[in-house]
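Subject: Structure for you to look over

Hello,

Please find the structure below. My notes on it follow.

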Amino acid sequence: MPRDPDDAARLKTLRRDLAPDLARLERRMVLRGGLSLGALTLLSGCDLSTGSNGSLADRVLWAMSRANDRVQQWLFDPATLAPTYPASMIDTPFRFNAYYPPDNIPEIDAATWKLEVSGLVADKAPWTLEKLRALPQESQITRHICIEGWSQIGQWSGVPLRTFLERTGADLTAKYVGFKCADRYYGSLDMPSALHPQTVLALDFAGQPLAPEYGYPLRVRVPTKLGFKSPKHIAAIFVTNDYPGGYWEDQGYNWFSGI
Amino acid sequence: MTIVPETPSRLVVIHPLVVRVTHWINAVAVFCMLFSGWAIYNASPLFPFAFPKWATLGGWLGGALAWHFAAMWLFALNGLAYVAYGLLARHFATSFLPLSPGAVWRDARAALALRLSHRVGRYNAVQRLAYLIAIALGLMLVASGCALWKPVQWQGLANLFGGYEWARRIHFFAMAGLAGFILLHLALVIVVPRTLLAMITGRARVTEETVR
């Protein structure tokens, strides 16, 4: 903790000056670590993970991914709904999917659980499950498409994120809605996707309160995006104009990842 | 000193510049798309096999997708330029047509009996069919790829393929078809190496006989 306001201001300036360099360094290291080009290395005989070529390839790929974010933002139509399916098409059992094995699923006590709200919102009071259940609920049977390629049809219900953001007096002109999770996952959505009528804060899966493996007690469900854009075990929601990134996005997954 | 060949011959342009440029851009793009696509396939294999690690591009799923979604622009836009040129400049009409099942049957039998000679600058019926199939597979890969990329925004297109899961399979089999074409294509270049030079310089020596 800084002792006086001058120190605090100096630290703040320093952090702000360093932030872009740190972010650049971080993603370069992460992408470089990932881009050991099997085939290309074999043919060209050069190891792109150590040479200067490697960082050039990474820079180009990173820039292309940001360009693809913009193309997808432009392609996204807020009025286009994800296809819905009859209950007979629901897939069971539904896959558990996370960056950790099932043993590490967080155990959450509903009695003490609170949803924190911060950032560009008028009402920052935390929410309980009862309060969320009292809001209007929406149900959907949609296809969950994983970035790995597989897909499954499931049923989610809960509070439309738009309703929640309106109730908390969020600045709906802000750029991002971010999520922090109890399993240390984190993610973010562009505001138009957050306001899409099918984007919900899901409390139920398959007609039951979310099981631990599906994100108890609260998860996002965004049927217009790939599965990793729907964080589970949400502990905090914030509205911001500063790009919040995400657990996978910071490692190189495309941020927008709309479908 | 000049060497006078026995048969009068001259250099003619058999591959127009646009075809050569788009061919080599396509070679790079297809290389990236195939090898990154195989890495993406490996993340959740549709069939009980995976592609060997050495034949993948990107290292991990995030890297492979970054390659695939970058190179797709090169593949699609370059392909669009090639098809537009092929149609507007009548390149397709003069190089791949006429084409009849009878001619394909005749040339295929001749080729299998090793009686089909290579004529520079002129495709036999089997080649014409193969190139048209390769172009159709390319179009199918772009269309099914679009359905996989945007199955919600472009759900009409995805429905044409029978939905997301069918589009995955069609994308895979179109890839397999194109990979088969490329193997055949490379094998024939090895058999007739001067075709490789012609695709770089665009020129090939033809006898007056052939030209006429």
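**Two helices in chain B**

The crossing of α1(B) and α2(B) is left-handed, meaning that the near helix is turned anticlockwise from the far one by less than a right angle. Helices here are DSSP runs of H or I of at least four residues, strands are E runs of at least two, and both are numbered from the N terminus. The axes of α1(B) (residues 17–43) and α2(B) (residues 61–88) come within 8 Å and cross at roughly 150°. Axes are lines fitted to C-alpha atoms, for helices over the stretch in contact, with angles from 0 to 180 degrees between N-to-C directions. The angle makes α1(B) roughly antiparallel to α2(B) (over 145 degrees; under 35 is roughly parallel, 65 to 115 roughly perpendicular, the rest oblique).

This is a predicted model: local features need pLDDT of at least 70, side-chain atom pairs count only at pLDDT 80 or more, and totals for chains, interfaces and linings use all residues. Residues are numbered from 1 along each chain as its sequence is written, while chains are lettered from A and ligands numbered from 1 in the order in which they are written.

**Cores**

The largest nonpolar core has 42 residues, and those with the most contacts inside it are Cys32(B), Met33(B), Ala64(B), Trp67(B) and Ala71(B). Such a core is a set of buried Ala, Val, Leu, Ile, Met, Phe, Trp, Tyr and Cys residues joined through C-beta atoms within 7 Å. Buried means 20 or more other C-beta atoms within 10 Å of a residue's own, placed from the backbone (exposed: 12 or fewer; partly exposed: in between). Two or more residues each come from α3 (52–75) of chain A and from α1, α2, α5 (125–149) and α7 of chain B. Apart from this core lies another of 34 residues, including Trp127(A) and Leu210(A).

**Where the chains meet**

In chain B, 28 residues are in contact with 33 residues of chain A (C-beta atoms, placed from the backbone, within 7 Å). On the chain B side, α1, α2 and α7 (164–191) each supply at least two residues, and α2(B) gives the most, with eight.

**Other points**

Chain A has six helices and nine strands, and buried residues make up 39% of its 259 residues. In chain B, none of the eight residues of α8(B) (194–201) is buried, so this helix lies largely in the open. Just after α8(B), Gly202(B) takes a positive phi of about 85°.

Regards

Key. Two residues are in contact if their C-beta atoms, placed from the backbone, lie within 7 Å.
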